[in-house]
Amino acid sequence: LRMLERQVVGGEQAENKDLKEKRKRQKKYADERRMQLVAALQQSNEDSSDWVLLNVYDSIQEEVRAKSKLLEKMQKKLRAAETEIQDLQSEFELEKIDYLGTIRRLERDLMLFQQLLDQVQSLVRRDCNYSNLEKIKRESVWDEENGCWKIPEPVIQKTHLP
């Protein structure tokens with residue numbers, strides 16, 4: 001009888017090495033999981049710990065009160081997030097309006113300068129290199145270092161007849 005008791009523990013065979021290994025793995029996994037949960041609880045703040053912990057209530061009214069408080073907390077967080085979203089959207093709208101205003105102003109300035117160039121080009125002497133604006137545009141180079149255009153110097157080309 002004692003020999004049978006040593007062989008059988010808790011309805012399983014005591015000497016079965018596969019079962020011992022399986023129990024060790026299960027125990028190790030359970031310990032690791034428990035440690036992960038403890039670490040998660042320590043890292044979480046007091047608001048999110050309400051979601052992780054399992055609460056036991058004495059009455060339905062107590063459960064309703066606790067869940068109502070939790071609901072109020074979540075609604076406050078939701079309202080705060082919604083106001084943050086609205087603030088960001090209004091800020092984005094203001095920046096967008098500002099950018100559009102800047103673009104419109106620059107387009108008006110460009111149209112003014114283009115009209116001025118069209119009027120002044122006819123007054124430039126034909127033997128000057130500035131009489132051909134397209135050629136000046138092609139020869140102009142943007143200087144990254146100074147942040148400005150380098151435009152060719154005006155030159156008057158005199159033609160000598162033989």
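The model is predicted, and local features need pLDDT of at least 70, side-chain atom pairs count only at pLDDT 80 or more, while totals for chains, interfaces and linings use all residues. Residues are numbered from 1 along each chain as its sequence is written, and side-chain values use heavy atoms, with hydrogens and water left out.

**Exercise 1.** Find how many salt bridges the whole structure holds, and describe the pairing of K27 with D31 and that of K67 with E63.

*Solution.* Begin with the criterion, which asks for a side-chain nitrogen of Lys or Arg within 4 Å of a carboxyl oxygen of Asp or Glu. A search of the whole structure under this criterion returns five salt bridges. In one of them, the closest N and O atoms of K27 and D31 are 3.5 Å apart. These two residues lie four residues apart in helix α2 (residues 17-43), and so are separated by about one helical turn; helices here are DSSP runs of H or I with at least four residues, numbered from the N terminus. Next, K67 and E63 meet with an N to O distance of 3.0 Å, and they too are four residues apart, in helix α4, with about one helical turn between them.

For the accessibility step, buried means under 20% relative accessible area, exposed over 50%, and partly exposed in between (1.4 Å probe, protein chains only). K27 is exposed at 54%, whereas D31 is partly exposed at 32%. K67, at 46%, is partly exposed, and E63, at 29%, is partly exposed as well.

**Exercise 2.** Describe the salt bridge that D127 forms, and state which residue is its partner.

*Solution.* The partner of D127 is R125, and the closest N and O atoms are 2.9 Å apart. Checking each side chain in turn, D127 is partly exposed with a relative accessible area of 23%, and R125 is partly exposed with 47%.

**Exercise 3.** Determine how many disulfides a search of the whole structure finds, and classify C128 as buried or exposed.

*Solution.* In general, a disulfide is a covalent bond between the sulfur atoms of two cysteines. The test applied is a pair of cysteine sulfur atoms within 2.5 Å, and the search of the whole structure finds zero. Turning to individual cysteines, C128 is buried, at 11% relative accessibility, while C148 is partly exposed, at 35%.
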